[in-house]
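Work through the exercises below with the structure open. Each task is followed by its solution.

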Amino acid sequence: MSGGRSAVEVAPGPEPAGSPYVGRRTASPTAAATWTAGRFVTVNLRTILGRAYPRVVGSLREPSWIVFEVGMPLLTTSAFVFVYRALQAPSMYVGFVVIGGAMTAFWLNVIWMMAAQLYWERGSGNLELYFTAPIHMMSILLGMAVGGLFASAVRAAVVIVAASLLFDVRYAIVDWALLVTVFLLTLLSLYGLGMLLASLFLLWGREAWHLVQLLQEPVYFLGGLYTPLRVLGPLAGIVAGILPLAAGLDAIRQLAFAGSGSLGFLPPGVEAAILALMAVAFLVLARFALAYIERIARREGRLTVRWQ
Amino acid sequence: MSPPATAAQVVPGSIGDPARATPRPLADTARALATGARLGWAIESNWSDPLLFAIYSIVKPVGAALILVAIVWAIAGGGQPGAIAFLVVGSAAWAYVGGGLLGLVGAILDDRERYRMLKYIAVSQAPFPAFLVGRSAAQLVIATAGFLVTLVMGVLFLGVRIDPFAVRWPLLVMSMAGGLVAIMAIGIAMAGFCLQLRQEAWSYPEALAGALYLVSGTIFPIDVLPGALQGVALALPTTWWLEGTRRALLGRPTAGRLAACDDATVVLALCATTAVLTLAGWAVFRFFERRARERGLIDQTTGS
């Protein structure tokens with residue numbers, strides 16, 4: 001092509017000082033490839049922000065999600081409230097449903113926008129970019145979590161406030177500090193579980209989408225989203241040990257409604273400890289699972305497979 | 001190179017036959033439906049072995065029914081068989097709404113964002129809505145499996161009494177037919193709307209189904225709703241569809257306001273509301289489809 005510079009004409013040498021391709025001046029290629037702890041942290045923090053950015057900005061650019069993801073779930077929650085009213089249940093159950101309805105926002109965010117997201121990213125061609133960039137996969141997942149938390153928190157808050165006003169839910173907080181701790185531990189373990197599931201989804205094709213479908217209604221039932229966990233009987237013990245949503249909700253309900261302890265499965269302090277253990281276990285497992293599954297996926301050439 | 005075929009040499013029905021370019025609305029619609037259905041079934045079913053696929057098809061609706069049964073157990077301790085029968089039938093039938101809406105919207109988003117072939121459908125001779133309806137048919141088949149299994153589990157394990165010899169089959173067939181047409185009409189309108197939206201519209205059908213769930217008397221009699229919402233419930237075909245289905249299967253009307261209507265009124269109301277909704281759904285889809293074509297949204301991918 002006339003006018004273009006051939007490879008022969010380009011002399012090897014340092015990029016000009018103002019070049020956008022030079023992140024920092026280094027003495028040699030070896031030095032350039034050496035990462036300090038500070039650089040590692042900075043790059044991964046930027047990764048988190050970079051992955052959270054399109055979620056937050058995307059949701060602000062297209063406000064229709066407010067109607068569908070905030071308004072409509074409120075109606076679903078209301079449906080369960082009306083079931084309890086039709087059965088003339090004590091008013092405390094209405095409060096249980098409202099809190100369960102709010103927590104579905106986080107669960108849906110974890111399974112759709114985090115666990116299954118790597119499957120979508122592979123389809124859209126982003127996954128290969130993530131793996132070739134000098135960043136940690138957990139930073140990408142954390143960025144998804146942070147970005148998704150924005151919409152989920154709005155949705156949960158609207159369900160709590162609007163449904164509480166509509167159905168006259170009266171809260172009687174037993175222990176604020178423990179309530180906040182349990183809530184944060186629930187989120188931490190939920191998103192840890194999301195990261196663990198995301199590693200599995202690296203290997204899967206359309207199974208991923210179908211698995212996410214299976215993680216909705218059956219989990220709502222087993223997690224006691226609309227009923228006290230105790231109703232499940234002995235099954236509740238197993239569920240509370242593996243599903244953060246179940247243990248978290250059970251504790252939150254007991255702490256938000258004084259006198260509801262008889263409907264709780266375990267004391268809130270014990271459930272907080274279970275949640276803390278789950279959070280650590282899920283995050284550590286996710287760390288290893290991501291590395292392991294990535295190796296398998298690379299070996300089997302699945303990281304760039306699409307439309308399967 | 002062989003010389004071009006003259007008109008006399010063209011085999012009727014072959015690719016060179018100019019008659020193939022003549023629109024044949026009925027044949028084109030049937031072919032689009034069949035092609036969409038075949039494609040939809042392949043996409044929905046060939047990701048797994050048949051056993052896992054069967055489990056997947058039934059776990060979701062059964063899980064939904066169990067939530068409601070657990071609610072009754074929590075309050076009444078299983079002492080309300082009438083309430084459980086009401087919930088099981090409503091919950092089982094609702095699988096069609098979730099499946100129908102998700103199938104139609106999913107077809108739009110899947111084919112645009114993932115398989116990137118929506119543009120080819122849009123420029124082909126195939127009627128777009130017919131292809132979408134066909135594409136979602138697989139979801140309706142899965143919903144049918146969930147519906148039947150939930151009813152069977154209700155009969156076997158939860159004390160729901162459905163006698164196959166006492167079922168009012170004509171009423172059941174009319175109710176299901178009307179209900180499915182209404183669900184497709186809502187889904188088509190929603191699919192048109194989702195042509196304008198980005199990938200996150202995946203969750204919208206479920207949200208809409210949740211709203212309809214509240215006002216259609218799915219899991220509680222509409223009498224429990226505030227007055228204004230009762231009016232909305234009576235204007236929706238889904239309310240009449242569920243009422244007709246319950247009467248046909250359980251042999252009795254829902255207690256309260258709907259009990260005053262006889263079966264003929266239920267069918268008539270279902271037909272009338274479905275007709276209005278179908279016309280509205282068609283108009284909404286056409287409006288959004290035209291807008292999407294004008295703005296170049298048919299082939300726009302929006303991964304975020």
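**Exercise 1.** Is the crossing of H3(B) and H7(B) right-handed or left-handed?

The model is predicted: local features need pLDDT of at least 70, side-chain atom pairs count only at pLDDT 80 or more, and totals for chains, interfaces and linings use all residues. Residues are numbered from 1 along each chain as its sequence is written, with chains lettered from A and ligands numbered from 1 in the order in which they are written.

Step 1. Helices are DSSP runs (H or I, at least four residues), numbered from the N terminus.
Step 2. The crossing of H3(B) and H7(B) is right-handed. In a right-handed crossing the near helix is turned clockwise from the far one by less than a right angle.

**Exercise 2.** Find the residues that make the contact between H3(B) and H7(B).

Step 1. H3(B) supplies B:Trp94, B:Val97, B:Gly98, B:Leu101, B:Leu102 and B:Val105.
Step 2. H7(B) supplies B:Tyr204, B:Pro205, B:Glu206, B:Leu208, B:Ala209, B:Leu212 and B:Tyr213.
Step 3. Contact requires C-beta atoms, placed from the backbone, within 7 Å.
Step 4. Sort them by type: eleven nonpolar, one polar and one charged.

**Exercise 3.** Describe how chain B meets chain A.

Step 1. Count: 38 residues of chain B are in contact with 41 residues of chain A.
Step 2. On the chain B side, H2 (50–76), H3 (81–114) and H7 (204–215) each give two or more residues. H2(B) gives the most, with 15 residues.
Step 3. That side holds 28 nonpolar, six polar and four charged residues.
Step 4. Check confidence: the predictor gives the complex an ipTM of 0.75 and a pTM of 0.78. In chain B, mean pLDDT (per-residue confidence, from 0 to 100) is lowest in H2(B), at 83.

Key: Two residues are in contact if their C-beta atoms, placed from the backbone, lie within 7 Å. Ala, Val, Leu, Ile, Met, Phe, Trp, Tyr, Cys and Pro count as nonpolar, Asp, Glu, Lys and Arg as charged, and the others, Gly among them, as polar. pLDDT is the predictor's confidence in each residue, from 0 to 100.
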